[in-house]
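Please look at the model before reading on.

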Amino acid sequence: MKIQEDYTEKSNEELLQMYSCTHSLEIKQELVMRYVYIVKSIALQMRDVYISFSQTEDIINEGVLVIMNAIEKFDLDKNVKFETYISKRIKGMIIDLARKQDWVPRSARKNARDIDEAIVTLYNKTGQYPTAEAVAAYLEITPEKYQETMRKAALFHVLSLDMVLAEAQDNSARSQLPRSRENEQPENCLLKKETSEALAEGIKLLKENEQLVISLYYIEELNMRQIAEVLQVSEPRVSQIHSNSIKKLRKHMQNFNQEGEKRNVSGIL
């Protein structure tokens with residue numbers, strides 16, 4: 001009991017430092033309890049991604065395992081906050097589960113394509129970007145159905161981009177010689193650097209408002225409503241900008257992936 005009381009007076013950073021030296025189970029349990037709120041928060045934020053195949057409680061349990069694993073692997077010497085580190089890993093875990101389940105039904109994908117085509121048609125007719133109400137009326141669906149489709153489309157495009165990034169890394173990894181430890185592979189560091197640089201290059205090619213939406217959504221972690229308030233546009237408009245941006249980035253990363261495959265083939269020949 002006395003040990004627990006001592007731990008409560010320590011900061012998270014101090015506990016992480018202590019654990020790296022002692023690997024104490026008690027410290028690890030304390031850290032998990034302190035960071036479990038992040039799992040719960042992300043599980044609620046990404047509920048639409050997994051609700052068709054998993055329960056929130058199950059995702060939280062998986063997230064706790066992610067935290068426990070992250071505590072073991074976290075490098076204190078790198079200039080990265082542990083909160084940021086585990087947030088990305090938890091989101092990645094949920095995305096991996098969604099990828100395996102192919103969570104987006106064909107009907108949702110078709111509805112998203114129908115909306116895109118309707119927007120283009122209405123824009124060509126009027127020369128102005130159509131409102132959500134106008135698109136919904138054109139497709140003869142309710143505004144609520146429109147909003148739901150746009151939300152699912154945005155999540156689908158996010159997953160699609162993550163799948164492309166994962167594929168780019170997987171394809172390159174297959175051409176590497178096996179090593180006993182991942183950190184002994186300098187190719188892994190180079191691959192991650194090249195992928196990050198390719199993504200950054202793709203973002204620079206986006207329009208100014210698309211870059212801003214990507215920055216606010218992924219870096220500042222604002223939701224669509226908050227971004228709409230910042231840009232002083234409608235929430236559906238933000239969702240559309242986001243979807244278009246992800247489509248462009250996905251195409252850019254697919255080209256990067258294809259170039260990587262060509263380099264691998266050339267190296268083998």
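**Contacts and cores**

Q: What is Ile 94 in contact with, leaving aside its neighbours within four places in sequence?
A: Ile 42, Met 46, Val 49, Tyr 50 and Ile 59. Contact means heavy atoms within 4.5 Å. This is a predicted model, where local features need pLDDT of at least 70 and side-chain atom pairs count only at pLDDT 80 or more, while totals for chains, interfaces and linings use all residues. Residues are numbered from 1 along each chain, and side-chain values use heavy atoms, without hydrogens or water.

Q: Why is helix 3 called oblique to helix 6?
A: The axes of helix 3 (residues 25–45) and helix 6 (residues 82–101) come within 10 Å and cross at roughly 40 degrees. Angles under 35 degrees count as roughly parallel, over 145 as roughly antiparallel, 65 to 115 as roughly perpendicular, and the rest as oblique. So helix 3 is oblique to helix 6.

Q: Which residues of helix 3 meet helix 6?
A: Tyr 35, Tyr 37, Ile 38, Val 39 and Ile 42. Their partners in helix 6 include Phe 82, Ile 86 and Ile 90. The residues of this contact divide into nine nonpolar, one polar and two charged.

Q: What makes a set of residues a nonpolar core?
A: Its members are buried (under 20% relative accessible area, 1.4 Å probe, protein chains only). They are Ala, Val, Leu, Ile, Met, Phe, Trp, Tyr and Cys residues, joined through side-chain atoms within 4.5 Å. The largest such core here has 31 residues. Among those touching the most other members are Leu 31, Tyr 35 and Ile 94. Helix 3 gives the most to this core, with nine residues.

Technical notes:
Axes are lines fitted to C-alpha atoms, for helices over the stretch in contact, and angles run from 0 to 180 degrees between N-to-C directions. Helices (H or I, at least four residues) and strands (E, at least two) are DSSP runs, numbered from the N terminus. Ala, Val, Leu, Ile, Met, Phe, Trp, Tyr, Cys and Pro count as nonpolar, Asp, Glu, Lys and Arg as charged, and the others, Gly among them, as polar. Buried means under 20% relative accessible area, exposed over 50%, partly exposed in between (1.4 Å probe, protein chains only).
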